[in-house]
Amino acid sequence: MRILLGITGASGSMYAVRLIKNLCAGDHEVHLIVTHSGEKVIAHECSAEAAQLTTWVHRRYDVNDMGAAVASGSFPMDAMVIVPCSMKTAACIAHGISDNLLTRAADVTIKEGRPLLLVPRETPMRDRKSTRLNSSHGS
């Protein structure tokens, strides 16, 4: 399988590292996009593995390269996973805001009807005051 993996600035980069290792061990072709915040968090949480990420994956893309192959629906991809997925990235995807290559690739993944898995790591939504306020309007 050809998998596009995104890493954002949410905590939990160790899950992304573990996923990359397992996918590569299973002979899957892994393509990678890391946001600027993701770079900082992975360096802090997984400093030993941070430098090795590029050597494990088939290709790594610059998050600012909106013309990269993965920004097009014609690039064959089986699925996309964003782990960890920050709430900012989840919000951009939910609202169709393609402000970098990661969110553009997610938009294309949805458009093409391919599986997109988001793995959020922030506080559960039910515990956020703004979510409680918004959900109480429907009652």
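Predicted model: local features only at pLDDT ≥ 70, side-chain atom pairs only at ≥ 80, totals over all residues.
An α-helix has 3.6 residues a turn, so residues three or four places apart point the same way.

Helix H2 covers residues 36-45, and within this stretch Gly38, Val41 and Ile42 are buried.

## The surroundings of the buried side

Which elements do the buried residues of H2 pack against? Two of the partners are strands, S1 (2-7) and S2 (29-34). The others are helix H1 (13-25), helix H3 (47-50) and helix H4 (53-56).

Side chains of opposite charge can pair when their charged atoms come close. A search of the whole structure finds five salt bridges, and three of them are described in this report.

One of them joins Arg2 to Glu29, with 2.8 Å between the closest N and O atoms. Arg2 belongs to strand S1 and Glu29 to strand S2, so this pair ties together parts that are 27 residues apart in sequence. Are these two residues buried or partly exposed? Arg2 counts as partly exposed because its relative accessibility is 22%. Glu29, at 24% relative accessibility, also counts as partly exposed.

## A salt bridge between a loop and a helix

Asp99 forms a salt bridge with Lys88, and here the closest N and O atoms are 3.0 Å apart. Asp99 is located in the loop between helix H5 (87-94) and helix H6 (101-111), whereas Lys88 is part of helix H5; the pair therefore ties together parts that are eleven residues apart in sequence. With a relative accessible area of 43%, Asp99 is partly exposed.

Where the side chains of Arg104 and Asp107 meet, they form a salt bridge with an N to O distance of 3.6 Å. The cut-off for such a pair is 4 Å, so the distance of 3.6 Å between Arg104 and Asp107 lies within it.

How far apart are Arg104 and Asp107 along helix H6? The two are three residues apart, which means that about one helical turn separates them. Arg104 has a relative accessibility of 28% and therefore counts as partly exposed. Asp107 likewise counts as partly exposed, at 30% relative accessibility.

Key:
Residues numbered from 1 in each chain as written. Heavy atoms only, no water. Buried < 20%, exposed > 50% of the residue type's maximum accessible area, 1.4 Å probe, protein only. Helix = DSSP H or I, 4+ residues; strand = E, 2+ residues; numbered from the N terminus. Contact = heavy atoms within 4.5 Å.
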